[in-house]
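Student: Could you show me how to read the features of a protein model, one at a time?
Tutor: Gladly! Let us look at it together.

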Amino acid sequence: MKLRNFLYLNTKIINDYLSAIDGGLYDEEALSIAKSTENELKASGSIKLVSGEGIHTGKVEEEVKRSVQISDAAKFDKVFRYLQAGDEDEQIKYYENLSDEIFDELRRDDFLEVLVTARFSKMKELTDTVKKLNELATVFQDITDQQLLDKEAKEAVAGFSALGQLQSGKSISCVFNFQDEKFPLVAYLDEDYFKCAQENFIGESYMVCKVLRKISKGQSLKLDEIFDDIKRIPMNRQQRRNLPKSMDNPEMLRDVIKGPALLVVPIAVYQ
């Protein structure tokens, strides 16, 4: 059994898969443990000219039943072993990098285990940095009674903080790169399924995922577009004319993943 330190684990997906595999879902199982104990039996007696005491040691076996909680790690391991044991076309595939030939062979719904390095979107990286800067400025002012940020800096911090609030509650865009930085994998993470502090998530790790779609060469995917919600609002021709000509993110927030790449459903990230 492979021992894993989970950084992210989508338990909803795992439970759904287990329900399909076992025909139902259970969180506990009965565990029977055989125990043996030794008892001493003493006997005394006397025969003419001879007396003494005898000791006999016997073993008594009993079965103890316990109700055991099935851990998320155990559930994942069962799903993973099921994927390993599938037909050749359905087995989970392991990659440390991709080639054009492998990329062409991949299909929607393929399961992959990959060794990759994660990074959050530029939007999240910047808003997280601004949040830490604001917290540092507050502590600095409390200690020294001096302001670390001038008026313009405070206005900039407030603006980026507002952007962070707009993204709050949404899935977290994340890019997973192989060592050669070719064929990046894009995933959207649910905050509820992190198993570590998000600042400790970044770095090299293994990811188990399911291919959602391929982004071919010449295509691209934009991450965390500020005006995405506005673009989805039904508008007439005049309303669209009144919109700014460019609805793309500012340069510092522009995060475009160019194909060939993969859009995947993240199931687990671990070390």
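**Reading the model feature by feature**

Tutor: Helices (H or I, at least four residues) and strands (E, at least two) are DSSP runs, numbered from the N terminus. Before we go on, this is a predicted model, where local features need pLDDT of at least 70 and side-chain atom pairs count only at pLDDT 80 or more, while totals for chains, interfaces and linings use all residues. Residues are numbered from 1 along each chain as its sequence is written, and side-chain values use heavy atoms, with hydrogens and water left out.

Student: Is phenylalanine 183 buried or exposed?
Tutor: Buried means under 20% relative accessible area, exposed means over 50%, and partly exposed is in between (1.4 Å probe, protein chains only). Phenylalanine 183 counts as buried because its relative accessibility is 6%.

Student: What is the phi of phenylalanine 183 near?
Tutor: Its phi is near 55 degrees, a positive value in a residue other than glycine. Aspartate 109 also has a positive phi, about 80 degrees, although it is not a glycine. You will find aspartate 109 in the loop between helix 3 (100–105) and strand 5, and at 41% relative accessibility it counts as partly exposed.

Student: Which residues does a cis peptide bond join?
Tutor: The bond joins glycine 259 and proline 260, with omega at about 5 degrees. Proline 260 belongs to the loop between strand 10 (256–258) and strand 11.

Student: How many aromatic pairs are there in the whole structure?
Tutor: Rings of Phe, Tyr and Trp (its six-membered ring) pair if their centres lie within 6.5 Å; planes under 30 degrees apart count as stacked, over 60 as edge-to-face and the rest as tilted. A search of the whole structure finds 13 such pairs. One of them is edge-to-face: phenylalanine 76 and tyrosine 270, 5.8 Å centre to centre with 65 degrees between the planes. This pair links distant parts of the chain, with phenylalanine 76 in helix 2 and tyrosine 270 in strand 11 (residues 261–270), 194 residues apart. Both phenylalanine 76 and tyrosine 270 are buried.
Another edge-to-face pair is phenylalanine 194 with phenylalanine 201, at 5.2 Å centre to centre and 75 degrees between the planes. Both phenylalanine 194 and phenylalanine 201 are buried too.

Student: Which residues form one aromatic cluster?
Tutor: That cluster is formed by Phe6, Phe76, Phe80, Tyr94, Tyr206 and Tyr270.

Student: How do I read a surface patch?
Tutor: Patches are made of residues with over 30% relative accessible area and no salt bridge; like charges are joined within 9 Å, and nonpolar side chains (Val, Leu, Ile, Met, Phe, Trp, Tyr) within 5 Å. A salt bridge is a side-chain nitrogen of Lys or Arg within 4 Å of a carboxyl oxygen of Asp or Glu. Here, Leu133, Leu136 and Leu148 make a nonpolar surface patch of about 250 Å². Leucine 133 lies in helix 4 (residues 122–144) and is partly exposed, with a relative accessible area of 35%.

Student: Where is leucine 115?
Tutor: Leucine 115 lies in strand 5 (residues 111–120), and it counts as buried because its relative accessibility is 18%. Leucine 115 and phenylalanine 178 are 63 residues apart in sequence, yet 6.8 Å apart in space, C-alpha to C-alpha.

Conventions
Accessible areas come from the Shrake-Rupley method with a 1.4 Å probe; for residues, only the protein chains shown count as cover.
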